[in-house]
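Please consult the sequence and the structure as each point is raised.

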Amino acid sequence: MIAQNLELIKLKITENTSLIAVSKTKPIESITEAYEAGQRIFGENKAQEMSAKHQALPNDIEWHMIGHLQSNKVKYIAPFVALIHSVDSLDLLKEINKQALKNNRIIPILLQFHIAEEESKFGLSLEESEVILSSADFSAMKNIEVCGVMGMATFSDRPEQIRKEFQNLKSIFSTIKNHFFMENLNFKEISMGMSGDFQIAIEEGSTMVRVGSSIFGGR
Ligand SMILES: *Cc1c(COP(=O)(O)O)cnc(C)c1O
């Protein structure tokens, strides 16, 4: 079932879009099934759960943190995490930089933006991100690499609303790219799109879709 679901999704995404298989709450057996079908990138939203799965599963898996991350949990994933999608404060950036330094590595991150109508979702505004990126604190961080932006659209049955929010994230990406990362080829990722809206996200320029329930079933 999982292998077939993966095949179906891959037919719907373009070649330059990465598929993050969101395996949060799912057991090792389900991840192994996806792994055996060729999937190598998995997304989790809890640091300890991700760390346990990392230890139990093959080493060539790329683990992406997609959920809200508390600073005191960064240490659990710093040795191995491939990309943190959900960075939305300077304090969190500082802690990631500190833990990356301890592990003698550079940790790639995305800045998470609030693009949805809903109040409850995490994320920065464009203005907040510009304050962070202009700060001396940010310039001093040598062990993080900002690779792009991430956002979640409103949970909605109005495709035009979702499309508008993804267009907004794309425009935030372009603004930040022009102001801060013009010469940096690694600033290129737009992580947007989940099971319910990844096709709209791809039409609007997503480079990474984060798909869970359409691969592994409901949670
Ligand atoms: C759970 C989650 C997803 C995947 O959601 P599905 O609707 O199951 O595809 C994507 N992104 C984030 C940030 C999530 O927390």
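Q: With which side chain does the side chain of K53 meet in a salt bridge?
A: This is a predicted model, in which local features need pLDDT of at least 70 and side-chain atom pairs count only at pLDDT 80 or more, while totals for chains, interfaces and linings use all residues. Residues are numbered from 1 along each chain as its sequence is written, and side-chain values use heavy atoms, with hydrogens and water left out. A salt bridge is a side-chain nitrogen of Lys or Arg within 4 Å of a carboxyl oxygen of Asp or Glu. At 2.9 Å from N to O, the partner of K53 is E44.

Q: Are K53 and E44 buried or exposed?
A: Buried means under 20% relative accessible area, exposed over 50%, and partly exposed in between (1.4 Å probe, protein chains only). By this rule, K53 and E44 are both buried.

Q: How many salt bridges does the structure hold?
A: The pair K53 and E44 is one example, and K94 with D137, at 3.4 Å from N to O, is another. The count for the structure is eleven.

Q: Why does the pair of K94 and D137 tie together parts that are apart in sequence, and by how many residues?
A: The side chains of K94 and D137 meet in a salt bridge. Helices (H or I, at least four residues) and strands (E, at least two) are DSSP runs, numbered from the N terminus. K94 lies in helix α5 (residues 90-102) and D137 in helix α7 (residues 136-139), so the pair ties together parts whose separation in sequence is 43 residues.

Q: Which residue forms a salt bridge with E204?
A: E204 is found in the loop between α9 (198-203) and β8 (208-211), and its relative accessible area of 16% makes it buried. The closest N and O atoms of the salt bridge are 2.7 Å apart, and the partner is R163.

Q: Which residues are joined with E204 into one network of salt bridges?
A: E204 lies in the loop between α9 and β8 and R163 in helix α8, so this pair ties together parts that are 41 residues apart in sequence. Both residues are buried. Salt bridges that share partners join E204 into one network with E160, R163 and E203.

Q: What type of aromatic pair do F42 and W63 form?
A: Rings of Phe, Tyr and Trp (its six-membered ring) pair if their centres lie within 6.5 Å; planes under 30 degrees apart count as stacked, over 60 as edge-to-face and the rest as tilted. By this rule there are three aromatic pairs. The ring centres of F42 and W63 are 5.9 Å apart and the planes stand at 35 degrees, so the pair is tilted.

Q: In which strand does W63 lie?
A: F42 has a relative accessibility of 0% and counts as buried, and W63, at 1%, counts as buried too. F42 lies in strand β2 (residues 41-44), so its pairing with W63 ties together parts 21 residues apart in sequence; the strand of W63 is β3 (residues 62-65).

Q: What type of pair do the rings of F181 and F187 form?
A: Both F181 and F187 are buried, and together with F173 they form one aromatic cluster. Their ring centres are 4.3 Å apart and their planes are at 5 degrees, so the pair is stacked.
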